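Here is a short briefing for a first look at this structure. Start with the view below, then read the points by topic.

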Amino acid sequence: VTGASFVVFNGALKTSSGFLAKSSIVEDGLMVQITPETMENLRQALRDKKDFKITCGKADTGDVKEYVDICWVENEEKTNKR
């Protein structure tokens, strides 16, 4: 689990890169590089206020992958304050 001050979603990752998505720490935030198709799906999920999971890592490996979960919560007191 990583706490971040901000999140940047970059929708310019090319499918030919071999990655499903990439995540990296940038200063005190998180940058998530995703394909244009995933960006459109993320936008729709945000419009619909639905949870969304982005799987990061190489597309062709069976290794443990990283996930970026976007979750809507009812009670803000249960979320990370920092």
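Which strands do the buried residues of α1 pack against? They pack against β1 (7-10), β3, β4 and β5, where contact means heavy atoms within 4.5 Å and buried means under 20% relative accessible area, exposed over 50%, partly exposed in between (1.4 Å probe, protein chains only).

This is a predicted model: local features need pLDDT of at least 70, side-chain atom pairs count only at pLDDT 80 or more, and totals for chains, interfaces and linings use all residues. Residues are numbered from 1 along each chain as its sequence is written, and side-chain values use heavy atoms, with hydrogens and water left out.

**The sheet**

- An open sheet is formed by 5 strands in the order β1-β3-β2-β4-β5, with mixed pairing.
- Its edge strands, β1 and β5, each pair on one side only.
- From one strand to the next, the twist averages 35 degrees (axes are lines fitted to C-alpha atoms, for helices over the stretch in contact; angles run from 0 to 180 degrees between N-to-C directions).
- Helices (H or I, at least four residues) and strands (E, at least two) are DSSP runs, numbered from the N terminus.
- Two strands pair if DSSP finds at least two bridges between them.

**Strand pairs**

- β2 (residues 19-26) and β3 run antiparallel, joined by 6 bridges.
- Their hairpin has 2 residues between the strands, and Glu 27 there takes a positive phi near 55 degrees.
- β2 also runs antiparallel to β4, with 2 bridges.
- Ala 21 has Ile 34 as its bridge partner in β3, and it stands opposite Gly 57 in β4.
- β4 and β5 are antiparallel over 5 bridges; Thr 55 has Tyr 67 as its bridge partner in β5.

**The helix**

- The 12 residues of α1 should span 16 Å at 1.5 Å a residue, and the end C-alpha atoms are 17 Å apart, which agrees (the expected span is 1.5 Å times one less than the number of residues).
- Thr 38, Met 39, Leu 42 and Ala 45 of α1 are buried.
- These four cover an arc of only 125 degrees around the axis, so they lie on the same side of α1 (the arc is that of the directions from the helix axis to the C-beta atoms).
- The face turned away carries the exposed residues Pro 36, Glu 37 and Arg 47.
- Just after α1, Lys 49 takes a positive phi of about 55 degrees.

**The core**

- The largest nonpolar core has 12 residues, including Ala 21, Met 39, Phe 52 and Ile 54.
- A nonpolar core is a set of buried Ala, Val, Leu, Ile, Met, Phe, Trp, Tyr and Cys residues joined through side-chain atoms within 4.5 Å.
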